[in-house]
Amino acid sequence: MKLQVLYSLSIFMLDFVASTHAAISPEVYWKIKLPNTQIPKVIKDFLPQAEDETQTKKKVYYGLHQHGAWIFHAATEEEIREITNESPTTQSDLQDNFLYKPYFFEKDLKKGKVINFPSLKNKNEAPFWPREFVETIAFSSKKIPQILNHFSIDSNSKDAKTIEETVTVCEEQAMKGEKRKCATSLESMVDFGVFMLGTNNVQVVTTEVQGENQMVQKYTIKEVELLADGVNMICHKLNYAYAVHFCHGGPGTKTFMVSMIGADGTKVKAVSICHKDTSLWNPKGLPFVVLKAKPGAPSICHFLQDDQIVFLP
């Protein structure tokens, strides 16, 4: 009984320290809140290395891919152009001229399957900043001029448009059955993950790529492992001046780890998310354009780039 009391008191003290996060680093916060979970390399590599780092680097960071995060809007010409051999001129060209397909059916996840796909390295190097620092910076579509002024960004520039787009996306309402939040710090990502999953006993997985090749090439699936069937939380890294992640999730997903090898020898362990219910997706969205399918189709899957993070119970 005495040991149980001491254990409960210890947990209470750790949570109290974590809640007064101003005095601890993001890495320490993670270890307090998720004591049984290893910090993935893609997070550890972008933690602040010096106290004044948040003061010296003011720029907008870009990844190579964005469409993996958006499944609810109509496919844009730019998204379609990115995955086709050349600009389509007719609807029939659009259906048959794909360079690669970012979405696929769950039945296609099988050993020996050969797919055409680009590298899953995203290369968005935006650093994590401590929560007590980012909470002093505006993050609202109503305060875009204030944000641009803070980062010394020209209001007519590409960076300004990117800032506005990211903030706007973060303010969109969740779909039915979905929970979402833009985590502007590692601490807020951890808190939302614990809330989403209802436990701090979690597994955190990311895609791992051994190789730097960005060209589209053939990959052969060597192994498919089901990690979870049920609730998860996925955090997509967005283009911004520091690490901002669009985190969302719900119960209707399967999470797989897919081992593949490229034609050039590149080895990939890719996280694949399969959505069992697509009835609420936009019927003109990229998944349906690619797969010639309609909302409510069989389970639709996609891979995650290596800077996207999945929390599983």
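Author: Residues are numbered from 1 along each chain as its sequence is written. As the model is predicted, local features need pLDDT of at least 70, side-chain atom pairs count only at pLDDT 80 or more, and totals for chains, interfaces and linings use all residues, while side-chain values use heavy atoms, with hydrogens and water left out.

Reader: Why is Ser 140 called buried?

Author: Buried means under 20% relative accessible area, exposed over 50%, and partly exposed in between (1.4 Å probe, protein chains only). Ser 140 has a relative accessible area of 18%, and is therefore buried. Ser 140 lies in the loop between helix H7 (131–134) and helix H8 (144–150); helices are DSSP runs (H or I, at least four residues), as are strands (E, at least two), numbered from the N terminus.

Reader: What makes Met 196 buried?

Author: Its relative accessible area is 9%, so Met 196 is buried. Met 196 belongs to helix H10 (residues 186–197).

Reader: Which residues does Met 196 contact, leaving aside its neighbours within four places in sequence?

Author: Contact means heavy atoms within 4.5 Å. On that basis Met 196 is in contact with Lys 179, Val 231, Asn 232, Met 233, His 248, Gly 249 and Gly 250. The C-alpha atoms of Met 196 and Val 231 are separated by 8.2 Å, and the two residues are 35 residues apart along the chain.

Reader: How do you know that the span of H10 agrees with its number of residues?

Author: The expected span of a helix is 1.5 Å times one less than its number of residues. The 12 residues of H10 should therefore span 16 Å, and the end C-alpha atoms are 17 Å apart, which agrees.

Reader: Why is H10 described as largely enclosed by the rest of the structure?

Author: Because 9 of its 12 residues are buried, H10 is largely enclosed. Among them are Leu 186, Phe 192 and Leu 197.

Reader: What makes strand E8 (residues 267–275) largely enclosed?

Author: In E8, 7 of the 9 residues are buried, so the strand is largely enclosed by the rest of the structure.

Reader: Which sense of pairing, parallel or antiparallel, joins E8 and strand E7 (residues 245–262)?

Author: Two strands pair if DSSP finds at least two bridges between them. E7 and E8 have 9 bridges and pair in the antiparallel sense. Strand E9 (residues 300–303) also pairs with E8 in the antiparallel sense, over 4 bridges, and Ser 272 has Phe 303 in E9 as its bridge partner.
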